[in-house]
Amino acid sequence: MNNVVIAGVGKYIPSKIVTNNMLSQIVETSDEWIVSRTGIKQRHITTNENTSDIASKAALNAIHDSNIDVCDIDLIIVATCTPDMYTPATACIVQKNIGAKNAFAFDLGAACSGFIYGINVAKSIMVSNDIKKALVIGAETLSKSIDWNDRSTCVLFGDGAGAVVLSLSENEGILDVICKSKGIKWENLTIGAKDLTNPYIDEKIRMNPYLNMNGSEIFKFATVEIVSLIKQILRDNDLSLEDIDYIIPHQANERIIQFAAKKLEIPVDKFYINIDEYGNTSAASIPIAISEMSEKNLLKKGDKLIAVGFGAGLTSGACLIKWQNN
């Protein structure tokens, strides 16, 4: 068996909802301003849970959906740019929380493209090492990395987690994955770490611990990459857009998705969009969307899907999926 399929999906969304009107009480903004520029109407914010907590809850939901025992999990990958701490890996805390005692676990940092990178890495490890079951989780608590006085960023992001169980199978599932990086543009989206200081340094190098983004550069990068990646993965697999049932984009900005639809000359409803409810949840946005689509019975066995993401790094990626989870 050298194929990998999605055998289960799950998500977890914090219960605290922050509407645009609520944000207008913190910074100078309005519901109309945010919706017209982003498509976001609200976002969910954690109040008493860290990234490992919401990742664990999404993971358990995916395991339940796959109808396997947690001890069947051999590998856990958590894609996140907002871990609980530098070390240990958030994935190791998740392993403990859910009782996946037979798994090895590590984190992956590729920001909003992290879930697609995680799928690529997990598939490679599973096929080369005959690992039967893996968990790939995208989880973020971006609320702890946001400057809530910066209206250009605080309106965009939310917290949440999504997870998939991957399984070795004789059936086709993850058909192809593309991952790219453009490090020359790294400065356009950052969250700083600790200041660089020690007894032997002349002057402390200060880092900004809050999310900082050059919005216009990210918009230009995203609109080019999303179209380019979709065309490439179709070309590489001898498919056309007519063969694809849904495109599942990273939920960063509704205008990016509308632009991509126009460039591809397809209706925007070919894209699954839920940014209005969740905002940008970074690595969690694509698995949250897949889980939500499954819950709504939008996906049929044999459907072909393209998941496509882009984010800090600058990273990007696309994944071609044949849906088997029915």
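Visitor: How do the residues of the lining of the largest cavity divide into nonpolar, polar and charged?

Guide: This is a predicted model. In it, the lining of the largest cavity comprises 3 nonpolar residues, 5 polar ones and no charged ones.

Visitor: Which residues line the largest cavity, and what is the volume of this cavity?

Guide: The lining is made up of Q251, N274, I275, Y278, G279, T281, S285 and I288. The volume is about 40 Å³. A search of the whole structure for cavities of 30 Å³ or more finds 1.

Visitor: Which helices each supply at least two residues of that lining?

Guide: They are helix 9, spanning 275–278, and helix 10, spanning 285–295.

Visitor: Where does UniProt place the feature "active site"?

Guide: The UniProt record, an unreviewed entry, gives this feature at C112, H250 and N280. These positions are spread over 169 residues of sequence, yet they cluster in space, with a largest C-alpha distance of 8.8 Å. C112, H250 and N280 also belong to the lining of the largest pocket.

Visitor: Where is C112 placed, and what does C112 touch?

Guide: C112 lies in the loop between strand 5 (104–108) and helix 5 (114–129). Leaving aside residues up to four places away in sequence, C112 touches H250, N280, S282, A283, F310 and G311.

Visitor: Why does C112 count as buried?

Guide: A residue counts as buried when its relative accessible area is under 20%. C112 has 9% relative accessibility, and therefore counts as buried.

Visitor: Where is N280 found, and does N280 count as buried or exposed?

Guide: N280 is found in the loop between helix 9 and helix 10. Because its relative accessibility is 6%, N280 counts as buried. With residues up to four places away in sequence left out, N280 touches I40, C112, L142, L156, F157, G158, H250, Q251 and A252. One of these contacts, Q251, is also part of the lining of the largest cavity.

Visitor: How many aromatic pairs does a search of the whole structure find?

Guide: The search finds 1 aromatic pair. F104 and F106 form this pair, with 6.4 Å centre to centre and 25 degrees between the planes, and the pair is stacked. In general, a pair of aromatic rings is described by the distance of the centres and the angle of the planes.

Visitor: Why do F104 and F106 count as partly exposed?

Guide: Partly exposed covers the range between buried, under 20%, and exposed, over 50%. F104 counts as partly exposed because its relative accessibility is 39%, and F106 does so because its relative accessibility is 25%.

Definitions and conventions. Residues are numbered from 1 along each chain as its sequence is written. This is a predicted model: local features need pLDDT of at least 70, side-chain atom pairs count only at pLDDT 80 or more; totals for chains, interfaces and linings use all residues. Side-chain values use heavy atoms; hydrogens and water are left out. On a 1 Å grid over the protein atoms alone, a cavity is a set of points where a 1.4 Å probe fits but cannot get out, and a pocket is an open set with protein on both sides within 12 Å along at least five of seven lines; lining residues have an atom within 4 Å of a point. Grid points are joined across faces, edges and corners, and a volume is the space filled by probe spheres set on the points. Helices (H or I, at least four residues) and strands (E, at least two) are DSSP runs, numbered from the N terminus. Ala, Val, Leu, Ile, Met, Phe, Trp, Tyr, Cys and Pro count as nonpolar, Asp, Glu, Lys and Arg as charged, and the others, Gly among them, as polar. UniProt positions are given in the numbering used here, feature names are shortened, and annotations may be inferred rather than shown by experiment. Buried means under 20% relative accessible area, exposed over 50%, partly exposed in between (1.4 Å probe, protein chains only). Contact means heavy atoms within 4.5 Å. Rings of Phe, Tyr and Trp (its six-membered ring) pair if their centres lie within 6.5 Å; planes under 30 degrees apart count as stacked, over 60 as edge-to-face and the rest as tilted.
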